[in-house]
Amino acid sequence: MTHALIVDDDVDSVATLQELIASERFTVSVAHTLRDARRHIALQQPDVVLLDLQLPDGNGMELFQDPQLVANSEVVLITGHASLDTSIQALRMGAADYLVKPINITQLQGVLSRVMKPAALQAEVSELNANLAQSGHFGLLWGRTQPMQRIYEQISRVAGTSVSVFINGESGTGKELVAQTVHDLSRRRKKPFLAVNCGAISPNLIESEIFGHEKGAFTGADKQHEGFFERASGGTLFLDELTEMPMELQVKLLRVLETGRFMRVGSTTTLDADVRVIAASNRPLLQAVQAGKLREDLLYRLNVFPIEMPPLRDRLDDVPLLADHFLRQIAAKEGKNKRFTAKALAQLQTYHWPGNVRELRNAVQRAYVMAAGDIVDEQWLPKGEGAEIPATAASATAVTSFGAAPGQPAAAPAVPTLVAGSGESSGPSITMPLGSSMAQVEKAFILATLQHYKHHKEQTAAVLGISLKTLYNRLKEYAAEDAAAADKAAQ
């Protein structure tokens, strides 16, 4: 049977906890001090240690000072004073989870159901790393370059814990694949992984979709509906494009993360939320906070373990590997094998890929379709002219000035002090004054790209590497800003 050790000096708490753990078919032993805990571990290595922080002879964290002592045990902290600092310290020291007193029975059952020896998780990670040089991939992620090696290392460290993860990076860089890989290497792997694009759900429906609703909660609610938190119970919930979630709903999400409980829309009964949340955004996070798109307290609650995805232009050596991978996937689906010429692969490495891995996959798909025989050459692949243009200007088509220099009215033409792209380049560029905010630069680039593609929104979104929903949201924001500026000017 699986063996648990409780290290706590609270006699009443220990008695209740011991009974609950025994009911889950664990054998249980108890230690009231650090000294007793070390003796128990020496006599019988526990599968899980439920460790109180405040003990008569020291802090529970001191057990981690001897790495061999708990190397083969999963450690779950028990504390009456949970905090963000506690969870970060627990991660660094090697704890897998923590429970807050008074202990919630459902949460305890969830922790016990996921008990897995750290050595087993480490063995899986070691096997993935060992095969990386030969296979070129780590879980669902492909690439051998240094930026990707760093991502793999971060995934390896955080996957076995319950810590919240915030993945930041441009659209198309593979943020959802990172979240899926974290889930697949975690103790929650046997439970669901659900991905929610917060920018693709109507603001009027998103609360119901995430938390569920009761029958009759609103017009059209003709039956009870389970939200993502219920459906992902015991597993992982990936909230993509979190900055597109309405601010009032962000308040409720923060409450769920802090209490571990939520209510369906139209209900007065709280439910337990045994879910690990991984969030992602393609916006710079501090910029999103300043722009009123992300609550600062929610950011710090979710951003316990940040992962920054590199754009494809920063790992061009991975492009041939990725292109071959996508080509094999397409060939398996279509039933006809094809291969790239060496010149085609070389050309792919000269392009800056503003749409990142998603754009590369689409380019390979198009080239596969257009190739008449078994050979895919460079004819239908992106040209290398964009290689000399920074990715933020690669898709613009006219030299255009937007925004205003500090102190100037918004409508005044800006003096170009910073040029995006070389004037000698065959590609076009936009100009922005030095001192422009990131929001102004983003707005200028999106509008210039939209203008070039004759207001074809699907094509503009594809070139920018963002979802159509995100593009619509940005354009709606810009229209509101312009209307507010016009009203102010008229007063």
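**Entry 1: H16 and H17.** I looked up helix H16 (residues 438–452) and helix H17 (residues 457–464) in this predicted model and found that their axes come within 9 Å and cross at roughly 130°. Helices here are DSSP runs (H or I, at least four residues), numbered from the N terminus. I took the axes as lines fitted to C-alpha atoms over the stretch in contact, with angles from 0 to 180 degrees between N-to-C directions. H16 is therefore oblique to H17; angles under 35 degrees count as roughly parallel, over 145 as roughly antiparallel, 65 to 115 as roughly perpendicular and the rest as oblique. I noted a right-handed crossing of H16 past H17, right-handed being a near helix turned clockwise from the far one by less than a right angle. From H16, Phe445, Ile446, Thr449 and Leu450 make the contact (heavy atoms within 4.5 Å), and H17 supplies Lys457, Thr460, Val463 and Leu464.

**Entry 2: sources.** The model is predicted: local features need pLDDT of at least 70, side-chain atom pairs count only at pLDDT 80 or more, and totals for chains, interfaces and linings use all residues. Residues are numbered from 1 along each chain as its sequence is written, and side-chain values use heavy atoms, with hydrogens and water left out.

**Entry 3: H13 and H15.** I then looked up helix H13 (residues 319–334) and helix H15 (residues 356–370), whose axes lie 9 Å apart at an angle of about 50°. H13 and H15 are therefore oblique to each other, and I recorded their crossing as right-handed. On the H13 side I listed residues including Leu322, Phe326 and Ile330, which meet residues of H15, among them Leu360, Val364 and Tyr368.

Definitions and conventions: Helix = DSSP H or I, 4+ residues; strand = E, 2+ residues; numbered from the N terminus.
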